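Today I'm going through the charged side chains and jotting down who pairs with whom. Rough notes follow.

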Amino acid sequence: MNTRGLEISVGAFMAAGLVALFFLAMQVSNLASITASEGYEVTARFDNIGGLKVRSPVSMAGVRIGRVVNIGYDQQSYEAVVTMSIDPAYNQIPDDSIAKIYTSGLLGEQYIGLDPGGSLESLEQGSEVMLTQSALVLEEIVGQFLFSKAEENAIKDEL
């Protein structure tokens with residue numbers, strides 16, 4: 001009789017542990033925040049989005065104000081078109097704001113940061129952020145550095 005109660009309590013403890021692991025996995029993967037939000041969608045065009053992904057955060061002054069909901073490609077302008085869903089609580093963002101792609105940490109995930117402009121008009125459903133700054137691609141920066149060093153060495157050898 002005593003072992004039966006022990007088996008039931010161990011089973012309940014294991015079930016509670018599995019439920020806790022499930023909720024932890026949902027929080028880490030950002031899947032818990034996939035809901036039909038009441039936010040408004042705005043778009044921005046970038047020459048290079050680097051490793052930006054759907055569900056990446058959109059922040060302003062370090063505060064998360066929305067998420068990336070879609071990434072597409074415009075075949076006429078050869079640009080990436082990023083659609084962002086902004087929380088309706090943040091409805092006073094100037095329409096001349098600048099959208100920049102940042103990396104959290106040295107090799108962390110990429111996100112969109114909005115820098116406010118000075119316009120009196122605000123972004124609304126269907127607006128497009130006209131001023132953008134593409135992602136810095138680490139490989140391109142290293143390549144430019146190595147190329148400039150090789151060019152310096154070539155000039156030294158000529159002298």
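Predicted model: local features only at pLDDT ≥ 70, side-chain atom pairs only at ≥ 80, totals over all residues.

I started with Asp115 and Lys100, whose side chains meet in a salt bridge at 3.1 Å, N to O. Asp115 sits in strand 6 (residues 110–115) and Lys100 in strand 5, so this pair ties together parts 15 residues apart in sequence. I looked up the cover on Asp115 too: a relative accessible area of 25% makes it partly exposed.

How many salt bridges does the structure hold? I get 4.

Next I checked Arg45. Its salt bridge with Asp74 has the closest N and O atoms 2.6 Å apart. That pair links distant parts of the chain, with Arg45 in strand 1 (residues 40–46) and Asp74 in strand 3 (residues 63–74), 29 residues apart.

Is Asp74 buried or exposed? Asp74 counts as buried, because its relative accessibility is 17% and the cut-off for buried is under 20%. Arg45, at 27%, counts as partly exposed.

Arg45 also meets Glu128 in a salt bridge, 3.1 Å from N to O. Glu128 is in strand 7 (residues 128–129), so this pair ties strand 1 to a part 83 residues away in sequence. I have Glu128 down as partly exposed, with a relative accessible area of 29%.

Putting the shared partners together, I find Arg45, Asp74, Glu79 and Glu128 joined by salt bridges into one network.

I placed Asp95 in the loop between strand 4 (79–86) and strand 5 (98–103). Asp95 is partly exposed, at 32% relative accessible area.

Conventions:
Residues numbered from 1 in each chain as written. Heavy atoms only, no water. Helix = DSSP H or I, 4+ residues; strand = E, 2+ residues; numbered from the N terminus. Buried < 20%, exposed > 50% of the residue type's maximum accessible area, 1.4 Å probe, protein only.
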